[in-house]
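Below is a short report on one protein chain. Look at the sequence and the structure first, then read on.

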Amino acid sequence: MNFQYIFPTIIGHCNEIDIAKETLPVALDYLSQDSFINKSCDYRTTFGIELNDDVDKRLLPYCNLIRKSFVEIMTHQGFQVPDIGIEIFFNEMKNDDCHPKHSHPNSLFSGVLYLDTPENCAQIVFTDPRPHVNFIDFSSKDSFGNNQYYITPTSGLFIIFNSWLEHEVLKNKTKTPRISAPFNIHYDRLSFTTKQ
Ligand SMILES: [Fe+2]
């Protein structure tokens with residue numbers, strides 16, 4: 001018998017340690033300034049930084065990486081590549097910080113570049129998006145039979161995934177902070193303006 005997986009969920013990943021090293025001091029700079037901090041979050045994180053024409057030039061390598069990865073993951077699936085906007089954040093997770101399960105409405109793709117990952121820092125966990133997957137528990141040891149997928153961050157790891165895919169960050173247990181730069185890709189807002 002032949003087996004084929006249908007409706008697969010795609011995640012793109014690669015190692016970009018040089019861009020991570022370059023972006024880390026920029027992240028620490030933003031995180032050190034109270035005016036950039038979103039105080040409504042349970043851990044230290046910045047407001048979204050829109051990567052437009054006026055972008056902080058220090059963020060250009062990361063901006064280009066996100067654009068390139070978006071083109072790659074879209075063309076890999078045979079999709080046309082629309083005009084996009086990108087918003088990035090800088091996160092500093094200390095001991096016991098976590099981020100509960102969520103997705104990113106109004107975005108196309110989301111992802112993260114890990115900038116500084118102390119040993120045993122919190123994993124990111126993806127939940128199987130199929131609604132009825134827990135209808136029967138087969139107790140499978142096969143990775144395709146599990147309904148959660150765990151990734152242990154390492155510095156330089158870059159991942160990109162559909163924004164509707166639910167994910168969470170488990171409780172961080174490190175003495176030094178776990179620093180990351182998540183992003184959301186959205187349609188270019190200008191392309192939604194009504195043409196006269
Ligand atoms: Fe997220």
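Pro 105 is exposed, because 8 other C-beta atoms lie within 10 Å, and 12 or fewer count as exposed. The model described here is predicted. Pro 105 sits in the loop between β6 (99-102) and β7 (109-116). His 186 is 81 residues away from Pro 105 in sequence, but the C-alpha atoms of Pro 105 and His 186 are 9.6 Å apart in space.

The loop between β6 and β7 also holds Asn 106. Asn 106 has a positive phi of about 70°, although Asn 106 is not a glycine. Most residues other than glycine have a negative phi. Asp 96, in the loop between β5 (91-93) and β6, has a positive phi as well, about 75°, and is likewise not a glycine. The table sets these two residues side by side.

| Residue | Loop | Phi | Other C-beta atoms within 10 Å |
|---|---|---|---|
| Asp 96 | between β5 and β6 | about 75° | 12 |
| Asn 106 | between β6 and β7 | about 70° | 8 |

Asp 96 counts as exposed because 12 other C-beta atoms lie within 10 Å. Asn 106 is exposed because 8 C-beta neighbours lie inside 10 Å.

The next topic is a pair of helices. The axes of α1 (residues 17-31) and α2 (residues 60-76) come within 9 Å and cross at roughly 135°. At this angle, α1 and α2 are therefore oblique to each other. The crossing of α1 past α2 is left-handed. On the α1 side, the contact is made by Ile 19, Glu 22 and Thr 23, and on the α2 side by Pro 61, Tyr 62 and Leu 65. By class, this contact has four nonpolar residues, one polar residue and one charged residue.

Which residues touch the most other members of the largest nonpolar core? They are Tyr 62, Leu 113 and Ala 181, in a core of 30 residues. At least two residues of this core come from each of α1, α2, β4 (84-88), β7, β10 (157-162) and β12 (178-187). Leaving out residues up to four places away in sequence, Leu 113 touches Glu 16, Ile 19, Ala 20, Thr 23, Tyr 62, Phe 158, Ser 180 and Ala 181.

Notes
Residues numbered from 1 in each chain as written. Predicted model: local features only at pLDDT ≥ 70, side-chain atom pairs only at ≥ 80, totals over all residues. Helix = DSSP H or I, 4+ residues; strand = E, 2+ residues; numbered from the N terminus. Buried ≥ 20, exposed ≤ 12 C-beta atoms within 10 Å, placed from the backbone. Axes fitted to C-alpha atoms, helices over the stretch in contact; angles between N-to-C directions. Parallel < 35°, antiparallel > 145°, perpendicular 65-115°, else oblique. Left-handed = near helix turned anticlockwise from the far one by under 90°. Contact = placed C-beta atoms within 7 Å. Nonpolar A, V, L, I, M, F, W, Y, C, P; charged D, E, K, R; others polar. Core = buried A, V, L, I, M, F, W, Y, C linked by C-beta atoms within 7 Å.
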